[in-house]
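Me: I have a model open and want to go through some of its packing. Can we start with a strand?

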Amino acid sequence: MTPIKKIGIFTSGSDSPGMNAAIRAVVRTSIFYNIEIAGIRRGFEGMINGDIYEMNTKSVSNIIQRGGTLLKTGRSEYFKTAEGRQKAYEQLKINGIDALIALGGNGTLKGVREFGDEYQDIKIIGIPCTIDNDLRGSDFTIGYDTAINTVIEAVDKIRETAESHDRLFIVEVMGRDSGMIALRTGMGVGAEAVLVPETRSDINALFERLEKGRKDKTSKIVMVAEGDEPGSAFEIGKAIMEKFPHYDTRVSVLGHIQRGGKPTCMDRVLASRLGVAAVEALKDGHTGEMVGLIHNDIEFTPFGQSVKHHHEVNEEFTRIVEMLSL
Ligand code: F6P
């Protein structure tokens, strides 16, 4: 086994809080093991353009508490082409990089999987970073805990105005085609119902819940994941307004605030553990795998199995949400 000489680290796709903590862990662990470490700016685009710089222990000072990503991020159409990937490979060679640590979600892992199949002399480990928590191979992804706490804080505020006006709020949260943010925060805010893309949402069942629910409730919250199939929160809101004109209904789309903010302690710890494990894995000869945490243990999942999979919806969650909103 040839020892790794120089790791290139990059963040790609959507940013997520805790990415900086993971970058810090990777940089400092590499230095601890006398492995050189280079930062690649703006994801795959930076790799193609050779936007690469040497990092040292100071490069990651004072970032553990910051949201966003020091390395910047982006999506690259060019990297999806064989020509783009070849250019990226040439730049890695020019910079003496023989291993990569990729921080991102589904699209990022898909990109490095293809790249790793084509250029097998570059060893690659992925670290799951996305607020969506939609990757198989880790119980939680970096950024998810911060995002759900941001949602909770926002909806608690919405609840106060809803309560004062006796209103029903439809709150839309992110997640692309995953309902993980909606499901957990729905329970956390005490929602009446949660609509997620993983299960068929029955608008009539929602009507029935609202109709049969306690009449003396002064505020109601319905959480909707952005990818849910009946349409956006506005469409669900419109349907509710038509069916229950006596309800004072409002729609609130939380949007990109869910991607920002100081990472929670859970995300910083997850990022630190996965960052250390990623470097140690490369050192031990791993490649083509995503590092994750399963039942609180570090586990490795081949890229092919970690991408494009969603957690199954835990029906216990929806059952509890409905039972407790009586
Ligand atoms: O994957 C993270 C995420 O925030 C999704 O929840 C959302 O659908 C998407 O990114 C939004 O992407 P953009 O920032 O490009 O609008």
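Reply: Both faces of β4 are covered, with A99, I101 and L103 buried on one side and L100, A102 and G104 buried on the other. Buried means under 20% relative accessible area, exposed over 50%, partly exposed in between (1.4 Å probe, protein chains only). Strands (E, at least two residues) and helices (H or I, at least four) are DSSP runs, numbered from the N terminus. This is a predicted model: local features need pLDDT of at least 70, side-chain atom pairs count only at pLDDT 80 or more, and totals for chains, interfaces and linings use all residues. Residues are numbered from 1 along each chain as its sequence is written, and side-chain values use heavy atoms, with hydrogens and water left out.

Me: How many bridges join β4 to β5, and which way do they run?

Reply: There are 6, and β4 runs parallel to β5 (residues 123-128). A102 has G126 as its bridge partner in β5.

Me: And what about β1 and β4?

Reply: Those two are parallel as well, joined by 5 bridges. In β4, L100 stands opposite G8. Strands pair if DSSP finds at least two bridges between them.

Me: Switching to helices: how many residues of α6 are buried?

Reply: 7 of its 10 residues, so α6 (residues 180-189) is mostly covered. Among the buried ones are M180, L183 and V189.

Me: What do they pack against?

Reply: The buried residues of α6 pack against α5, β6, β7, β8 and α11, where contact means heavy atoms within 4.5 Å.

Me: What follows α6?

Reply: G190, with a positive phi near 75 degrees.
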